[in-house]
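This briefing describes a single protein chain and its ligands, for a reader with the sequence and coordinates at hand.

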Amino acid sequence: MNFSFIHLIFIFLFFHLIHSQDDKRPFIIGVFTQPTSSGDESFVPWSYINFIQASGGRALPIHFNASHEEILDIMKSIDGILFTGGSQDFFPFNSTWIEAAKLIYNNAIQLNDNNHPFLLWGTCMGFELLLCLTNNDPSTITNGFDSVNVNLELIFTQFARDSNLYSKVPDTLFYNLTRFNLTYNDHHWGITPDRFNSLSNLYDFYNILSTTKDINGRSFVSSIEAKKYPFFGVQFHPEAALSLFCDSENYPHSSDAKLFAYYLSEFINSNPRNSHDIDPSILFELQGSHLLWDGNIDCMFGDYYYQI
Ligand SMILES: *[C@@H]1O[C@H](CO)[C@@H](O)[C@H](O)[C@H]1NC(C)=O
Ligand SMILES: *[C@@H]1O[C@H](CO)[C@@H](O)[C@H](O)[C@H]1NC(C)=O
Ligand SMILES: *[C@@H]1O[C@H](CO)[C@@H](O)[C@H](O)[C@H]1NC(C)=O
Ligand SMILES: *[C@@H]1O[C@H](CO)[C@@H](O)[C@H](O)[C@H]1NC(C)=O
């Protein structure tokens with residue numbers, strides 16, 4: 001029996017234990033779209049769709065340009081929303097894209113306050129977006145980190161082991177994340193732990209679960225979870241390990257890197273959720289969006305992307 005087979009059995013038993021609900025429907029996670037560079041269209045990188053679906057969830061693109069009424073309506077029938085990576089401008093902090101993100105954020109707070117669990121997840125730019133939304137200021141994050149196309153370690157804080165996000169990571173994987181470079185990073189923007197701790201809106205709202213040193217040894221916050229809400233953010237790119245292959249990029253595909261990515265996907269798809277009946281037409285909406293492939297391998301986002 002080879003190692004990865006034992007590994008799989010272990011992971012299977014492990015998730016079977018934490019995920020004991022006998023649910024009849026998948027988790028449905030909205031993926032917030034972003035404008036294309038021309039601004040005329042809206043897209044979702046395929047890698048994030050694959051990340052959600054890797055552990056059995058269903059990903060539903062949420063058009064950033066949808067009416068606010070429509071976004072609020074969709075949020076009644078889904079379990080959470082993921083803010084993807086990308087390179088959108090946060091200035092001005094009132095663009096159509098930003099205003100829709102604010103609506104989602106504020107409504108997620110309200111739903112949770114009304115005992116309707118609603119998850120928010122941010123990856124890379126999405127992580128930065130969460131911080132700016134919480135602090136209501138696009139200058140919350142700063143530029144100048146040297147962490148583009150590089151795999152780095154996590155330095156866990158004292159909050160990590162007991163956090164919702166990381167408490168179920170198997171011990172050996174948790175340890176390996178601290179000594180091998182298992183997380184893919186691709187950002188110039190971010191926030192230092194010092195700056196984070198100096199901003200009371202952030203400090204009061206989130207726990208820092210890990211920091212990471214960029215290749216010059218400068219620390220940035222690499223994962224967070226909100227203290228009272230199911231809101232989570234990672235500066236690194238878990239979806240890359242599961243979805244992206246490209247000669248020019250250093251995407252990690254070791255067993256550990258993939259296991260960690262899978263763990264996070266499964267985490268998203270096993271959070272407490274509302275037992276609301278979903279509108280079945282939601283599931284059909286996915287079919288109305290178009291999975292496109294322009295014939296090129298897109299190194300950043302995956303070969304395919306949804307244009308909706
Ligand atoms: C956004 O909606 C407006 C009004 O419906 C429309 O004119 C515009 O083309 C849309 N933009 C995108 C990127 O979908
Ligand atoms: C967006 O904010 C800028 C100031 O940053 C302001 O001049 C502009 O009118 C605002 N636009 C809208 C649509 O509210
Ligand atoms: C962690 O690292 C050790 C040593 O390289 C390796 O044997 C093991 O497979 C890795 N992963 C896990 C989940 O233990
Ligand atoms: C992890 O990456 C850092 C920065 O590139 C490097 O200095 C270190 O040697 C790497 N560690 C391992 C175990 O490869």
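A residue is called buried if 20 or more other C-beta atoms lie within 10 Å of its own, exposed if 12 or fewer do, and partly exposed in between, with C-beta atoms placed from the backbone. On that criterion, 43% of the 308 residues in the chain are buried. The model is predicted: local features need pLDDT of at least 70, side-chain atom pairs count only at pLDDT 80 or more, and totals for chains, interfaces and linings use all residues. Residues are numbered from 1 along each chain as its sequence is written, while chains are lettered from A and ligands numbered from 1 in the order in which they are written.

**Overall chain**

- The chain has eleven helices and 14 strands, taken as DSSP runs numbered from the N terminus (helices, H or I, of at least four residues; strands, E, of at least two).
- Of the contacts between residues at least 6 apart in sequence, 74% join residues at least 24 apart; two residues are in contact if their C-beta atoms, placed from the backbone, lie within 7 Å.

**Annotated active site**

- An unreviewed UniProt entry lists Cys-124 and His-237 under "active site"; positions follow the numbering used here, feature names are shortened, and annotations may be inferred rather than shown by experiment.
- Cys-124 lies in the loop between strand E6 (119-123) and helix H5 (125-135), and counts as buried because it has 26 C-beta neighbours inside 10 Å.
- His-237 occupies the loop between strand E12 (231-234) and helix H9 (238-243), and is likewise buried because it has 26 C-beta neighbours inside 10 Å.
- Neighbours within four places in sequence aside, Cys-124 contacts Gly-85, Asp-186, His-187, Gln-235 and His-237.
- With residues up to four places away excluded, His-237 touches Gly-85, Thr-123, Cys-124, Tyr-184 and Asp-186.

**Helix H5**

- Ten of the eleven residues of H5 are buried, so the helix is largely enclosed by the rest of the structure.
- The cover over these buried residues includes strand E5 (80-83), helix H4 (96-113), E6, helix H8 (200-205) and E12.

**Strand E9**

- Five of the five residues of E9 (183-187) are buried.
- Thr-183, Asn-185 and His-187 are buried on one side, and Tyr-184 and Asp-186 on the other.
- E9 pairs with strand E7 (147-152) in the antiparallel sense over five bridges, where pairing requires at least two DSSP bridges.
- In this pairing, Val-150 stands opposite Asn-185.

**Helix H3**

- In H3 (68-75), the buried residues are Ile-71, Ile-74 and Met-75.
- Seen down the axis of H3, these residues fall within an arc of 100°, so they line one face of the helix; the arc is that of the directions from the helix axis to the C-beta atoms.
- Glu-69 and Glu-70 are exposed on the other side of H3.

**Ligand surroundings**

- Ligand 4 is surrounded by Val-150, Leu-152, Phe-180, Asn-181 and Ile-215, a residue being near a molecule or strand if its C-beta atom, placed from the backbone, lies within 6 Å of it.
- The shell around ligand 4 has four nonpolar, one polar and no charged residues, where Ala, Val, Leu, Ile, Met, Phe, Trp, Tyr, Cys and Pro count as nonpolar, Asp, Glu, Lys and Arg as charged, and the others, Gly among them, as polar.
- Around ligand 1 are Pro-35, Asp-40, Glu-41, Ser-42 and Asn-65, giving one nonpolar, two polar and two charged residues.
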